[in-house]
Amino acid sequence: MPDQKRVLLKVIVLGDSGVGKTSLMNQYVNKKFREQYKATIGADFVTKELQVDDKHVTLQIWDTAGQERFQSLGAAFYRGADCCVLVYDVNAPKSFETLRKWHEEFLKQADPVDPSTFPFVVIGNKVDVEGEKNRMNNMRKAREWCDSRGNIPCIETSAKENYNVDVAFHCVAKMALTHE
Ligand code: GDP
Ligand code: MG
């Protein structure tokens, strides 16, 4: 066996409640999806191992409740994060508007050494939902914002149909590896 580098990376998933954070993680880690909505309480993590180039990576992915009170989790919770995933619903413009707030909140609490290079990934979830005519517009706005923030990768997914979910988290792992 060749000597492999093993790395543990801490990932924090933020975004409004209902955008599909828990569903994305559940699809990624357990290959399962549930229609029923079950609110996340507090914060919890799952782990997933994957190979990125020559590195064996363990992602420790922290799920959060999207309520305001979540902010009281505070700096200790964000400490040591290697990547922050910002999730919005491509059919709900408001969920994108608040991404800026989550972005700001993260930088304020995590206080990374260099905020301008700290790795973020934006996920636009629920692309499977039909008949939403503003979706293209919402996605364009999200992409523009990502570009203006130093080219944050922006990936559209469906947790329901398992579309781009692996791609998105592979990107998260790659971005997290750039941290340090
Ligand atoms: P969270 O509050 O961000 O963790 O959101 P959840 O993962 O709990 O999902 C909220 C609701 O949206 C649930 O009813 C899910 O079944 C649904 N949902 C999540 N992802 C998708 C998706 O990609 N497509 C569709 N159609 N529904 C989704
Ligand atoms: Mg949840």
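Ligand 1 is surrounded by 21 residues, where a residue counts as near if one of its heavy atoms lies within 4 Å. The closest are Gly18, Ser23, Arg34, Glu35 and Asp128. This is a predicted model, in which local features need pLDDT of at least 70 and side-chain atom pairs count only at pLDDT 80 or more, while totals for chains, interfaces and linings use all residues. Residues are numbered from 1 along each chain as its sequence is written, chains are lettered from A and ligands numbered from 1 in the order in which they are written, and side-chain values use heavy atoms, with hydrogens and water left out.

**The shell around ligand 1**

- The shell divides into five nonpolar, nine polar and seven charged residues. Here Ala, Val, Leu, Ile, Met, Phe, Trp, Tyr, Cys and Pro count as nonpolar, Asp, Glu, Lys and Arg as charged, and the others, Gly among them, as polar.
- Helix 1 (residues 21-30) gives the largest share of the shell, three residues. Helices (H or I, at least four residues) and strands (E, at least two) are DSSP runs, numbered from the N terminus.

- An oxygen atom of ligand 1 is 2.9 Å from an N or O atom in the Thr22 side chain.
- For the side chain of Lys126, an N or O atom is 3.0 Å from an oxygen atom of ligand 1.
- A nitrogen atom of ligand 1 is 3.1 Å from an N or O atom in the Asn125 side chain.
- Taken alone, ligand 1 exposes 580 Å², and the protein buries 90% of that. Such areas come from the Shrake-Rupley method with a 1.4 Å probe; for residues, only the protein chains shown count as cover.

**Strands 2 and 3**

- Strand 2 (residues 43-52) and strand 3 pair in the antiparallel sense over ten bridges. Two strands pair if DSSP finds at least two bridges between them.
- The two strands form a hairpin with two residues between them. Asp53 in the turn has a positive phi of about 50°.
- Val46 stands opposite Ile61 in strand 3.

- Thr64 lies in strand 3 (residues 55-64). Is Thr64 buried or exposed? Thr64 counts as buried because its relative accessibility is 2%; buried means under 20% relative accessible area, exposed over 50%, partly exposed in between (1.4 Å probe, protein chains only).
- The Thr64 side chain reaches the backbone oxygen of Val13 at 2.8 Å.
- Glu97 belongs to helix 3 (residues 93-110). With a relative accessible area of 37%, Glu97 is partly exposed.
- Glu97 and Lys141 are 44 residues apart in sequence and 9.5 Å apart in space, C-alpha to C-alpha.

Note on methods:
A polar contact is a pair of N or O atoms within 3.5 Å; within protein, one must be able to donate a hydrogen and the other to accept it, and residues adjacent in sequence count only if both atoms are side-chain atoms.
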